[in-house]
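User: I am new to this structure and would be grateful for a close look at one part of it. Please set out the details in a connected account.

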Amino acid sequence: MITATVRGPPSVLLLGVVRGLREEAVATAAELDRFAPEAVGLALSHEELRSLVEYFGDVVAEPLVPLSATELNEVRGLVRFGEVGVPNPSIVAAISWARAGGVPAAPLDPSDEDSATLFTEHIGYLELVRRTVRENRLGRSPPKPSTADAFAVAWDREVGRGRGSRRFAAARDAHAAGEVRRLGEGRSRIAVLLDRERFEAVRALLERPS
């Protein structure tokens, strides 16, 4: 995990977590305890947040989560750094922390429908084929950096290095930054949880003058 605070108002604590690594969830809860935000922003869609609350909230046993081939490959590459959980344990921990403290938790990414529209606007057929080839290649030979943090960045860089993929990522991050600003209206302290590979881009957007 990496963290940074963007001075406000509001003051924004950014948490960049390695997606899936269970030990990051403990660090997430500790950072939220320390910062005591008035709201928590999560880099996922409204539909994803609703599903996590419904299926991973106050349940006796967690449901089984089917994984795509790409997700399985990413898990196989990440597992050498520690125990991996699905869905992202850090997101689940942040939701639980917010519910326990009566703090709002808000989605920052476009809705599933809007995200699909952004994807088709920026990623054409050829780029989609290239992404699939890169994902399959990573599955056979995943990055082998020395840390989980570097693994997450390297994995995303390889999959998303096409021009269309970069434009799609930039549009999604710009939307998230706008939602962070809206979430911060009337509040003095908010926390934002991001996948590690999105941390620098969203931080740079938030540090620009509104």
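How do helix α8 and helix α9 pack, and at what angle? Which salt bridges involve Asp173 and Glu179?

Analyst: The model is predicted: local features need pLDDT of at least 70 and side-chain atom pairs count only at pLDDT 80 or more, while totals for chains, interfaces and linings use all residues. Residues are numbered from 1 along each chain as its sequence is written, and side-chain values use heavy atoms, with hydrogens and water left out.

Helix α8 covers residues 163-184 and helix α9 covers residues 199-207. Helices (H or I, at least four residues) and strands (E, at least two) are DSSP runs, numbered from the N terminus. Two packed helices are described by the angle between their axes and the distance between the axes. For α8 and α9 the angle is about 50°, and the axes are 9 Å apart. Axes here are lines fitted to C-alpha atoms, for helices over the stretch in contact, and angles run from 0 to 180 degrees between N-to-C directions. The two helices, α8 and α9, are therefore oblique to each other. In this scheme, angles under 35 degrees count as roughly parallel, over 145 as roughly antiparallel, 65 to 115 as roughly perpendicular and the rest as oblique. The crossing of α8 past α9 is right-handed. A crossing is left-handed if the near helix is turned anticlockwise from the far one by less than a right angle, and right-handed if clockwise.

Phe168 is one of the residues of helix α8. With a relative accessible area of 10%, Phe168 is buried. Buried means under 20% relative accessible area, exposed over 50%, and partly exposed in between (1.4 Å probe, protein chains only). From C-alpha to C-alpha, Phe168 and Ala150 are 22 Å apart in space, and 18 residues separate them in sequence.

Charged pairs come next. Side chains of opposite charge can pair when their charged atoms come close. A salt bridge is a side-chain nitrogen of Lys or Arg within 4 Å of a carboxyl oxygen of Asp or Glu, and the whole structure holds 13 of them. One of these joins the side chains of Asp173 and Arg198, at 2.8 Å from N to O. Asp173 belongs to helix α8 and Arg198 to the loop between β5 and α9, so this pair ties together parts that are 25 residues apart in sequence. Both partners, Asp173 and Arg198, are buried.

A second pair stays within the helix. Glu179 forms a salt bridge with Arg182, and the closest N and O atoms are 2.6 Å apart. Both residues lie in helix α8, three residues apart, about one turn of the helix. Glu179 is partly exposed, with a relative accessible area of 22%, and Arg182 also counts as partly exposed, at 49% relative accessibility.

The loop between β5 and α9 takes part in another pair. The side chains of Asp149 and Arg196 meet in a salt bridge of 2.6 Å, N to O. This pair links distant parts of the chain, with Asp149 in helix α7 (residues 148-159) and Arg196 in the loop between β5 (189-195) and α9, 47 residues apart. Asp149 is partly exposed at 22% relative accessible area, whereas Arg196 is buried at 7%.

Strand β5 contains Val192, which is buried with a relative accessible area of 1%. Val192 and Leu118 are 74 residues apart in sequence, and their C-alpha atoms are 22 Å apart in space.

Two backbone features lie elsewhere. Most residues other than glycine have a negative phi, and most peptide bonds are trans. Ala36, however, has a positive phi of about 50° although it is not a glycine. Ala36 lies in the loop between α1 (22-35) and β3 (39-42), and counts as partly exposed at 43% relative accessibility. The peptide bond from Val86 to Pro87 is cis, with omega near 0°, and Pro87 is found in the loop between α3 (69-78) and α4 (89-101).
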